[in-house]
Each structure stands twice: as C-alpha cells, then as structure tokens.
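Please examine the sequence and the structure shown below.

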Amino acid sequence: MKSMQLIYYKPQYYKEVLALHRSAKEGLPIGINKRDEESDLKSIEDVYFLSGGVFLIGLIDEQVIAMGGFERLSYDSAELRRMRIRNDLQDQGYGTQLLDVLEELALKSGITTFSFETAKSRPLTQEFYRKHGYKQKGSGSYGEVDIVRFRKALKTEHSISTQA
C-alpha cells in the first residue's frame with residue numbers, strides 16, 4: 001500500500017474532487033437532481049470550513065484518491081459527509097485512515113458525535129461503518145432513495161498524527 005497524504009481541501013483540487021465523487025455515485029440513484037446533490041461540493045469552504053467542520057483530500061503521487069469531511073451541526077455533533085475512496089484503491093486501508101483522522105480532528109474541536117446517512121442499496125458502505133463502531137439509528141428516504149442513518153459517539157482513543 002502506497003502512503004496517502006491527507007491535506008485540507010484546496011480549490012485547485014475541485015475538479016478532481018468532483019470527479020471522485022461522481023465516480024463513486026455512478027450507476028446509483030441520487031434521489032434529487034445532480035446540481036442540488038453536488039451543491040456542497042461547489043462551495044466546500046462555506047459548507048464545511050465556515051461551519052467549523054473539515055474537508056480533507058487524500059493524495060498519492062499528487063493525485064486525489066480519497067476525500068471526506070464533516071459539517072458541524074452543533075457544538076458537539078457533526079455530520080460525516082462525502083467519504084470517498086477511488087474504486088480501484090478500496091479495501092486497502094485508505095478509508096480507515098481517512099475516517100480515523102476525521103474522528104480525531106472532530107474530537108479536537110469538541111465534537112463527540114458523528115452521524116450520517118447512506119443508501120440502503122450500499123451494503124459494503126454500511127459494513128465498513130459498522131466495523132468502525134457506527135450503529136444504525138433509523139431509516140428513511142432521500143428523494144426516491146431509501147436510506148439508513150448511522151451514529152457514533154466518538155471516543156478519545158485516537159492518537160493519530162496528521163499533516164492536515
């Protein structure tokens with residue numbers, strides 16, 4: 001496994017971030033129109049950083065291979081969003097590395113709970129988060145897509161150093 005460098009999002013990577021997001025969604029219904037579904041990615045600084053959240057990208061050889069962030073919802077809770085790993089590099093530990101760093105950064109900023117939603121039709125995604133301590137806390141729909149909601153109380157067990 002090549003080493004992945006995690007950095008805070010920079011606008012110069014916008015096109016690569018959007019391409020990675022779209023490749024992860026390819027063939028899946030999104031529930032709403034594409035423009036609205038991608039609106040946060042068109043203003044990452046406003047949506048993530050101004051809320052007190054974070055958006056990281058993972059680089060290998062200067063190419064974006066991973067992304068993910070969290071949007072602060074309240075003083076101590078945030079929504080985990082846009083976790084993506086390039087398809088050909090999944091199941092190699094990059095997702096775990098990214099998630100661990102996001103959880104550590106959240107804890108350092110006072111966030112103690114992460115929540116998120118994912119499509120019911122994504123069992124491997126659900127399995128990944130369950131393996132990392134996330135519990136299903138409900139279900140619903142997003143447009144025409146059936147979703148499940150997950151939540152995790154973050155623990156102070158993370159002690160990862162990051163270049164982010």
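Predicted model: local features only at pLDDT ≥ 70, side-chain atom pairs only at ≥ 80, totals over all residues.

Residues are numbered from 1 along each chain as its sequence is written, and side-chain values use heavy atoms, with hydrogens and water left out.

**Sheet and helix**

- Seven strands make up an open sheet of mixed pairing, in the order β1-β2-β3-β4-β5-β7-β6; strands are DSSP runs (E, at least two residues), as helices are (H or I, at least four), numbered from the N terminus.
- Strands β1 (5–8) and β6 (135–142) are the edge strands, each pairing on one side only; two strands pair if DSSP finds at least two bridges between them.
- On average, neighbouring strands of this sheet are turned by 25° against each other, direction ignored; axes are lines fitted to C-alpha atoms, for helices over the stretch in contact, and angles run from 0 to 180 degrees between N-to-C directions.
- Three bridges join β4 (residues 77–85) to β5 in the parallel sense, and glutamate 79 has serine 115 in β5 as its bridge partner.
- Helix α5 (residues 123–131) lies across β4, β5, β6 and β7 and runs at about 160° to β5.

**Aromatic rings**

- Rings of Phe, Tyr and Trp (its six-membered ring) pair if their centres lie within 6.5 Å; planes under 30 degrees apart count as stacked, over 60 as edge-to-face and the rest as tilted. By this rule there are nine aromatic pairs.
- The pair of phenylalanine 70 and phenylalanine 114 is tilted, because the ring centres are 5.4 Å apart and the planes stand at 50°. This pair links distant parts of the chain, from strand β3 (residues 63–72) to strand β5 (residues 113–119), 44 residues apart.
- Phenylalanine 70 and phenylalanine 114 are both buried (under 20% relative accessible area; exposed is over 50%, partly exposed in between, with a 1.4 Å probe and protein chains only).
- Phenylalanine 116 and phenylalanine 150 have ring centres 5.2 Å apart and planes at 5°, so this pair is stacked. Phenylalanine 116 in β5 and phenylalanine 150 in β7 (residues 145–153) are 34 residues apart.
- Phenylalanine 116 is buried at 6% relative accessible area, and phenylalanine 150 is buried at 1%.
- One aromatic cluster is formed by Phe116, Phe128, Tyr129, Tyr134 and Phe150.

**Threonine 118**

- Apart from neighbours within four places in sequence, threonine 118 is in contact (heavy atoms within 4.5 Å) with Thr125, Gln126, Asp146, Ile147, Val148 and Phe150.
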